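Dear colleague,

I am passing on the structure we spoke about, with some notes on what turned up in it. Please have it open while you read.

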Amino acid sequence: MRRHLLSSADLTRDDALQVLDTAEELRSLADRPIKKLPTLRGRTVVNLFFEDSTRTRISFEAAAKRLSADVINFSAKGSSVSKGESLKDTALTLEAMGADAVVIRHGSSGAPHRLATSGWVRSSVVNAGDGTHEHPTQALLDAFTLRRHLGDLAGRRITIVGDVLHSRVARSNALLLATLGAEVTLVAPPTLLPVGVSAWPVQTSYDLDSALDKCDAVMMLRVQHERMNAAFFPSAREYSRRYGLDDRRFDRLPDHAIVMHPGPMNRGMEISATVADSTRSVIVEQVTNGVAVRMAVLYLLLSGSDAARPGTEEAVL
Amino acid sequence: MYGIREKTSFNDPSREAEKEVRLVSSAERSVKTTTASRVVLDATDITRALTRIAHEILERNKGPDDVILLGIPRRGVPLAHRMAKVMAKVEGTEVPSGSLDVTMYRDDLRLRPARTLEPTDIPGHGVDGALVVLVDDVLFSGRTVRAALDALGDLGRPRGVQLAVLVDRGHRELPIRADFVGKNLPTSLAERVTVTLAETDAVDAVVISPAEGGIS
């Protein structure tokens, strides 16, 4: 495992499997009386969140604390960022405080890459979602959840439905699941598929019903109203009719298929409440697994010295 | 500055199965060369040692009550299972055995690349009130056992903890000793002791080999 985790695209199959296998062992920690390991004692993890987040921030915080790291939470609201401080100056402040890992969420695609390669900080950088680019730990926890339910992902059919254009989760998942050998189908209205999607290792479709029959898992994406600056579909009602996972479509899924959603959900929009709360929905389990996967990522990035780490400072995961 | 630790940590990746199998076969081949590896325990010796340790554990603890054997991955685990089988045969009752991964408790995590975690499998009702016998293949610096004691403390509060090892090669760096030893092997720090087991490496053997070029 290398120095940074910036993108699912950088993960080889072996890297990804190492994270998933490590997470598998770490997940049993949740069942123990003492849910803490001394592994990262004395290390500092900074959660640098320029965008709102519930799940991801809490999940990273829990993961770091269970590994005994010190956690500093930073959110743009209430910090000097609102006074106009630049990413560079914020980064230099963190460096001066001696952060060993920076977990960054930023509204601009590429901000984590900039932080990792600019030389502003020496710490490991973990991308916790950048703009509409990537969210690799979400993809890892989704792959982890899928693997627990479906076993080896090679040849499994995963359907990802919804606002692919604005979704960093969709991109990270498509790339990672393809690396792990799954067959990914993206289903979205033509207006919500990104330019250049033909170069992704996936199939695309505009018709949800035809993609449901043979899939092993269906992953619903949130319609990201906050990023929509144009009319991408005529009405919420029409979107829901054509691309929402309602009870009728849910009944057509194969019996073993599971339903996923990265959260936060718009109940009634992309997913109906009955489906979200059904026994085949693993949405809550995804959150539990998120902590184990993020522990694995922090452990693999932070244990081992620079001297012991193969490759150079420039090595990017 | 960490050169000494590099040499003395004994669960390191260079002891991978392939390498050890190679060492065994080279030991069998090179009878002529005096500097070559030599087999100090073969399959029968290992079985005898494990049988004796199993009896000693029963004798010391006056039977198998509350006894749990926990092997330290990787090669302590099959040893624990084998001894549990012997004890079950002698006493006629099941003796629980499992594994205890100590990776996250090691003191050299910052000095080497991230290690892969091994499974921790605690049998029965946990370690609270139990008499835990930790099992490992080689006792060397004592640091793995230190880590195991910490890991065990996070799982519960055993009534007592004892240590059984197949080989004690000396050179302790911590105040730790084994309660049950298969064989005491006086070694120099430069030598390498490798244990191979049928479960993990196809062959049962304990081999001493001179230091390879890189270690000095």
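In β3(B), the residue that forms the bridge with L69(B) is S97(B), and this sits in a model that is predicted, which should be kept in mind throughout. Strand β2 of chain B, residues 67-71, runs parallel to β3(B) and is joined to it by three bridges. Both strands belong to an open sheet of five strands in chain B, whose order is β3-β2-β4-β5-β6 and whose pairing is parallel. At the edges of this sheet are β3 (97-99) and β6 (180-184) of chain B, each of which pairs on one side only, while neighbouring strands are turned against each other by 25° on average, direction ignored.

Two helices of chain B that pack on the sheet may interest you. Helix α3 (residues 43-60) of chain B touches β2, β4 (131-139), β5 (160-168) and β6 of chain B, and its direction makes about 150° with that of β6(B). Helix α5 (residues 143-155) of chain B touches β2, β4 and β5 of chain B, and its direction makes about 155° with that of β4(B).

As for the nonpolar cores, the largest has 113 residues, of which L140(A), L146(A), L186(A), V218(A) and L100(B) touch the most other members. Helix α11 of chain A (residues 283-302) gives this core its largest share, twelve residues. Leaving aside residues up to four places away in sequence, L186(A) has contacts that include I160(A), V164(A), L193(A) and W200(A). Another core, of 32 residues, lies apart from the largest one, and among its members are L166(B), V193(B), V195(B) and V206(B).

With best wishes

How values were computed
Residues are numbered from 1 along each chain as its sequence is written. Chains are lettered from A and ligands numbered from 1 in the order in which they are written. This is a predicted model: local features need pLDDT of at least 70, side-chain atom pairs count only at pLDDT 80 or more; totals for chains, interfaces and linings use all residues. Side-chain values use heavy atoms; hydrogens and water are left out. Two strands pair if DSSP finds at least two bridges between them. Helices (H or I, at least four residues) and strands (E, at least two) are DSSP runs, numbered from the N terminus. Axes are lines fitted to C-alpha atoms, for helices over the stretch in contact, and angles run from 0 to 180 degrees between N-to-C directions. Contact means heavy atoms within 4.5 Å. A nonpolar core is a set of buried Ala, Val, Leu, Ile, Met, Phe, Trp, Tyr and Cys residues joined through side-chain atoms within 4.5 Å. Buried means under 20% relative accessible area, exposed over 50%, partly exposed in between (1.4 Å probe, protein chains only).
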